[in-house]
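Morning, everyone. I have one structure to walk through today. Please have a look at it first.

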Amino acid sequence: MKFDAGFGVMGIEKNQVKAIETYTIDAPEVYKAPKAEKRLEEAEEKTEKAASTQTPPVEIDLKAFQDKMAKLKADLNKSLTRIRKANASKDLNARNQAMEDNRNISAEMWKLTHELEQKNNGKLPADWWEGVGREEPAP
């Protein structure tokens, strides 16, 4: 079953309809959708504006960002191992401490990620999140 709605045509299955009622609605004015060509032009204008407002990329030391992220990944993975071991030994204090460390490291990773995105026009290296969540031996 299909019917016209203000934004297009909608359809639902007949077995989902309990009753059909007809109403007369006195609408003060009829909405006319803009032509597709006009909408396309508006979309192109918006993308041009967005492209012109982007700042040129700032010279960044990508290697420094990647090194810091690699250290944070290793620390996070070690904390995951500590959490697993604390759960296995049912050591609640060690588990809570490891989970807090994990949250702090994760927050630092996101802060670093947002900083790099801002300096690099929203782009991250392809392998930025690779290796997160792999447990490593705890010290």
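One term before we start: a residue is buried under 20% relative accessible area, exposed over 50%, and partly exposed in between. Take Gln 97. At 41% relative accessibility, Gln 97 therefore counts as partly exposed. Keep in mind that this is a predicted model.

Now the layout. The protein chain has 3 helices and 2 strands. From the N terminus, the order is β-β-α-α-α. How much of the protein chain is buried? Of its 139 residues, 14% are buried.

Back to Gln 97. Gln 97 lies in helix H3, residues 92–119. Its C-alpha atom is 9.2 Å from that of Arg 82.

As a reminder, side chains of opposite charge can pair when their charged atoms come close. This structure holds 5 salt bridges.

Which residue does Arg 82 pair with? Its partner is Asp 101, with the closest N and O atoms 2.7 Å apart. This pair links distant parts of the chain: Arg 82 sits in helix H2 and Asp 101 in helix H3, 19 residues apart. Both ends are partly exposed, Asp 101 at 22% and Arg 82 at 29%.

Next, a pair inside helix H2, residues 62–89. Lys 63 and Asp 67 form a salt bridge at 3.3 Å, N to O. They are 4 residues apart in the helix, so about one helical turn separates them. Lys 63 is exposed, at 54%. Asp 67 is partly exposed, at 41%.

Lys 119 and Glu 115 are 4 residues apart, about one helical turn. Their closest N and O atoms are 3.4 Å apart. Lys 119 is partly exposed at 34%, and Glu 115 is partly exposed at 31%.

Now the aromatics. A search of the whole structure finds 1 aromatic pair. The rings belong to Trp 110 and Trp 129, with centres 4.8 Å apart and planes at 45 degrees, so the pair is tilted. Trp 110 is in helix H3, and Trp 129 is in the segment after H3, 19 residues away. Trp 110 is partly exposed at 42%; Trp 129 is partly exposed at 33%.

Last stop, the surface. Which residues form the negative patch? Glu 41, Glu 42, Glu 44 and Glu 45. Glu 42 belongs to helix H1, residues 36–53. At 36% relative accessibility, Glu 42 is partly exposed.

That's the tour. Thanks.

Key
Residues are numbered from 1 along each chain as its sequence is written. This is a predicted model: local features need pLDDT of at least 70, side-chain atom pairs count only at pLDDT 80 or more; totals for chains, interfaces and linings use all residues. Side-chain values use heavy atoms; hydrogens and water are left out. Patches are made of residues with over 30% relative accessible area and no salt bridge: like charges are joined within 9 Å, nonpolar side chains (Val, Leu, Ile, Met, Phe, Trp, Tyr) within 5 Å. Accessible areas come from the Shrake-Rupley method with a 1.4 Å probe; for residues, only the protein chains shown count as cover. A salt bridge is a side-chain nitrogen of Lys or Arg within 4 Å of a carboxyl oxygen of Asp or Glu. Lys and Arg count as positive and Asp and Glu as negative; His and the chain ends are not counted. The place of a charge is taken as NZ of Lys, CZ of Arg, CG of Asp or CD of Glu. Buried means under 20% relative accessible area, exposed over 50%, partly exposed in between (1.4 Å probe, protein chains only). Rings of Phe, Tyr and Trp (its six-membered ring) pair if their centres lie within 6.5 Å; planes under 30 degrees apart count as stacked, over 60 as edge-to-face and the rest as tilted.
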